[in-house]
Amino acid sequence: PGHMKRKYDVIIINDEDDKPTKTLNLEPSNIKKRKIEPKEHAWYRNHIPNSTNNHSSDLTLPQIITEDARSVIIGCYTLDLGWLLKICPVLRKVQTMIVMDPGYTIQGNIPENIYIKQARCPPYGSFHCKFIVIRFKKTLRVVVKTNNLLEREIEKMEEGIWMQDFDRKTHDVDDSPKALDFRFTLTNMLNVLDIDSNFLLKYDFNP
């Protein structure tokens, strides 16, 4: 029978070595991260297999959640975990938290490194956020999507993706008003979901 894991602990990284505090079978990967060329903006579309309307900048999900990820936080209304693990196997290796609408559960076995929690919603509400926060060794990737993590939406429907990488701070920097606003908004969202947001202070969100 299907089951749902509800855990409220979060992804914590040690300051000393930037490795997860828990041993989670983090196997080294020989797959290199595909470089995404800098753009004047952070907007992309999802790549649709066999489509004649694809653009060279369109992204597949494995190009977003790459093999050198250290930890991942996913927020979505619903998803197909079996399909997601098939196309992004790195999620079997790194500490991952998935936040879903309380009306959905995940059927089947859930890997031990993946924590599933249901967002707290009033009886009349729903959790419809679609975001991914990925921690790499030296950068933080923030992604906002318009689709759920379902095969039919990712590979058959044209959807929008906002994605940007932020460098880890190497020295004290003054935050611009835009950086302060962005960090405040992202911090507030994670806190509402009972996710520790202190790690955001380590990154430079200046434009």
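This is a predicted model: local features need pLDDT of at least 70, side-chain atom pairs count only at pLDDT 80 or more; totals for chains, interfaces and linings use all residues.
The protein chain has a mean pLDDT of 81, with 80% of its residues at 70 or more.

The largest nonpolar core holds 32 residues, of which Ile65 and Leu84 touch the most other members. At least two residues of this core come from each of the helices α1 (61-64) and α2 (81-87) and from each of the strands β2 (71-75), β3 (95-100), β4 (114-118), β5 (131-135) and β7 (160-167). The greatest contribution is that of α2, which supplies four residues. Apart from neighbours within four places in sequence, the contacts of Ile65 are Val72, Cys88, Val90, Leu91, Ile132 and Ile134.

Asn46 is located in the loop that runs between β1 (43-45) and α1. Its relative accessibility is 4%, so Asn46 counts as buried. A polar atom of the Asn46 side chain lies 2.7 Å from the backbone oxygen of Ile154, and a polar atom of that side chain lies 2.5 Å from the backbone nitrogen of Glu159. With neighbours within four places in sequence left aside, Asn46 is in contact with Asp58, Leu59, Asn147, Glu153, Ile154, Met157, Glu158, Glu159 and Ile161.

Asn148 is found in the loop between β6 (139-145) and α3 (151-154). This residue counts as buried because its relative accessibility is 7%. The side chain of Asn148 has a polar atom 3.4 Å from the backbone nitrogen of Tyr77, and a polar atom of the Asn148 side chain lies 3.5 Å from the backbone nitrogen of Thr78. Beyond four places in sequence, the contacts of Asn148 are Cys76, Tyr77, Thr78, Lys130, Glu153 and Ile154. Glu153 and Ile154 are also among the contacts of Asn46.

How values were computed: Residues are numbered from 1 along each chain as its sequence is written. Side-chain values use heavy atoms; hydrogens and water are left out. pLDDT is the predictor's confidence in each residue, from 0 to 100. A nonpolar core is a set of buried Ala, Val, Leu, Ile, Met, Phe, Trp, Tyr and Cys residues joined through side-chain atoms within 4.5 Å. Buried means under 20% relative accessible area, exposed over 50%, partly exposed in between (1.4 Å probe, protein chains only). Contact means heavy atoms within 4.5 Å. A polar contact is a pair of N or O atoms within 3.5 Å; within protein, one must be able to donate a hydrogen and the other to accept it, and residues adjacent in sequence count only if both atoms are side-chain atoms.
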